[in-house]
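Welcome! Please take a look at the structure below, and then we will walk through a few of its parts together.

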Amino acid sequence: MDRPALVTDFARGFGDALPDGGALLGLDLGTKTVGIATCDAGWRYASPGKTLPRGKFTKDCGKLREIVNERSIAGVVIGLPRNMDGSEGPRAQASRAYAKNLAAALELPVLLWDERWSTASAEAALIGQDMSRAKRATRIDSHAAAVILQGAIDSLAGSAF
């Protein structure tokens, strides 16, 4: 790769690095799992996907690469776990490091998206669907990834490129 992989906090820079449209992959990085969501190529809606058990980076990256290839993914949106006051702690720094490594490995641009309230929003939606606590526990991470991705694509779709 001729240039360094793009990792940014800004939707505009991320959007500029993408082709016109293209499916995106959303990730909610947990300590034990990675919630996955995807969106359509027109950036209209995000859909929850799988929840992967978190392992070594190379193993996780291999599974994500399969999804990237199957879905023709153009870019990745990763939730950035900021503190409620907007500051960043150790989890945010770990997400930044993961994003940098993933961007280089997949050779795709990565957008770090503020994920405050994503899990609470996803849980409220699942409760609204009258989903049992046990089912919510297995699906919450992928639904949180969809909330993160939907926020990013709403911003991208509203931006003037």
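Which residues have the most contacts inside the largest nonpolar core? They are L25, L27, I36, L64, V76, I78 and L102, in a core of 24 residues. Here a nonpolar core is a set of buried Ala, Val, Leu, Ile, Met, Phe, Trp, Tyr and Cys residues joined through side-chain atoms within 4.5 Å. Buried means under 20% relative accessible area, exposed over 50%, and partly exposed in between, with a 1.4 Å probe and protein chains only.

Before going further, please note that this is a predicted model, where local features need pLDDT of at least 70, side-chain atom pairs count only at pLDDT 80 or more, and totals for chains, interfaces and linings use all residues. Residues are numbered from 1 along each chain as its sequence is written, and side-chain values use heavy atoms, with hydrogens and water left out.

**The core and helix α3**

Two or more residues of the largest nonpolar core come from each of β2, β3, α2, β5, α3 and β6; helices (H or I, at least four residues) and strands (E, at least two) are DSSP runs, numbered from the N terminus. The largest share, six residues, is given by α3. Another core, of 18 residues, lies apart from this one and includes L18, A74, A152 and L156.

The buried residues of α3 are A92, S95, Y98, A99, L102, A103 and L106. Seen down the axis of α3, they fall within an arc of 130° (taken from the directions from the helix axis to the C-beta atoms), so they line one face of the helix. The face turned away from that buried side carries the exposed residues P90 and K100. Just after α3, E107 takes a positive phi of about 55°.

| Residue | Relative accessibility | Class |
|---|---|---|
| S142 | 4% | buried |
| G86 | 25% | partly exposed |

S142 is found in helix α5, residues 133-158. Leaving out residues up to four places away in sequence, S142 touches G35, I36, A37, P48, G49, K50 and T51, where contact means heavy atoms within 4.5 Å. A polar atom of the S142 side chain lies 3.5 Å from the backbone oxygen of G49.

G86, in turn, sits in the loop between β5 and α3. The C-alpha atoms of G86 and D114 are separated by 8.9 Å, with the two residues 28 residues apart along the chain.

Terms used
Polar contact = N/O pair within 3.5 Å; in protein donor to acceptor, adjacent residues only side chain to side chain.
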